[in-house]
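Let's walk through this model together, starting with a strand and its neighbours and then turning to a helix.

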Amino acid sequence: MQNPSHIQGVSFAALADEFGTPLYIYDGEKITNQVKTLQEAFSAVPLRIKYATKALSNISILKLIRKAGAGVDAVSIEEVKLGLMAGHPAEGIMYTPSGVGFEEIREAVDLGIMINLDSLPLMEEFGKVYGDSVPACIRINPHIMAGGNLKISTGHKESKFGISIEQLPLILEKVSKYNLQIVGLHIHTGSDILDAEVFLQGGNVLFEAAIQFSGLKFLDFGGGFKVAYKPNDIATDVMEVGKKVGEAFQEFCKRYGRQLELWIEPGKFLVSEAGYLLVKTNLVKESTTVTFVGVDTGLNHLIRPMMYDAYHGVYNLSNSEGKKGKYNIVGYICETDTIAAHRELNEVKAGDLLVIKNAGAYGYSMASNYNSRLRPAEILIWEGKAYQIRRRELFEDLIRNQEILDF
Ligand code: LLP
């Protein structure tokens, strides 16, 4: 359904009554179905899905992901710990750091987690400390410009991520110097990648590098599948990606002489469309040229529209048939936090409940306490029941870590 008022029989309005607004709501069935879709799309290869925890890191979501048969990709030691708490075995977690201190690497290795080495200095230090005793992966920067916008493009020449493919001789030098046990190669070129060709192009870079390593067990293509944001928006055709990349991968495995695993790290694809941010209209303000709808949320809870000019669908839950009007939906933060500009909505009145779509990925996980506001509760709908998987913050949460000086 385009603009649902219920999920699995649970009404959004009832959730607002019970838990208040703003409220993050996740459809667990949608998440597990997305996992299934990817499993189907890549059914011709031995696939491992490593969910990009950063998209939505609630422990119950990580548990659901595990139940659906996927592992996790972590980008901080804290995400590693969340994954472990959710019951993922250490071998189901890969840690892809980005320029972190070595103590964090040590901590992850002690927990039995595979490290994705993302720089030559890290390879050097890792080699000195662990030599051939701890298997690892290497993150390659394939020099591919891809993704929805520059802020979320991570595989181009000027990006800080990974080790440049042009430095492959230096990578190989470190591998042989320390006899490193490299079991995987990884790329992640960006987010919101529409075109299957980009994944193939990335694959070709991986294959050319991989042929130089003798002990590989997997190749990791990263995440980045684009989801639909607007009505009739096109999303990555994962069936096409699965087929094309799968075929190229199997060809490569023949050339390599061994069947490898194919890893992917979807974030948005698994959780973006499964999430809704339910908010209440505080006021409708007519200006000379614009009608503003002021809601009880803002960039503190959903920063994507401001940070990336991201489009999020919005609809009026309280009035699904009324006459249409044009509105700017704005947050309550003391900054210009326009959630949606010049949007057509069924007439909005103060007190109406609005729903912001595609709020599952990088919504709550990027939320903050800016303006000293509290973060919302999170609700998971699973098998027809609503579970509060995180309570709304209280004022006490905001001040908990402060030492108040006695001036
Ligand atoms: N793997 C790695 C190593 C990543 O850095 C990322 C995302 C992913 C996988 C998952 O990418 P996805 O499938 O979700 O596109 N906050 C931005 C997106 C930043 C993505 C950062 N890395 C946004 O809200 O658009």
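How many bridges join β8 to strand β10? Four bridges do, and the two strands, β10 covering residues 182-186, run parallel. Two strands count as paired if DSSP finds at least two bridges between them, while strands (E, at least two residues) and helices (H or I, at least four) are DSSP runs numbered from the N terminus. This is a predicted model, in which local features need pLDDT of at least 70, side-chain atom pairs count only at pLDDT 80 or more, and totals for chains, interfaces and linings use all residues. Residues are numbered from 1 along each chain as its sequence is written, and side-chain values use heavy atoms, leaving out hydrogens and water.

To get from β7 to β8, the chain passes through helix α6 (residues 120-130) in a right-handed β-α-β crossover (clockwise from the first strand over the helix to the second, with the strands pointing away from the viewer). Two further bridges link β8 to parallel strand β9 (residues 163-164), where I163 pairs with I140.

Now look at helix α1 (residues 12-19), where F12, L15, A16 and F19 are buried. G20, with a positive phi near 80 degrees, follows α1.

How values were computed: Buried means under 20% relative accessible area, exposed over 50%, partly exposed in between (1.4 Å probe, protein chains only).
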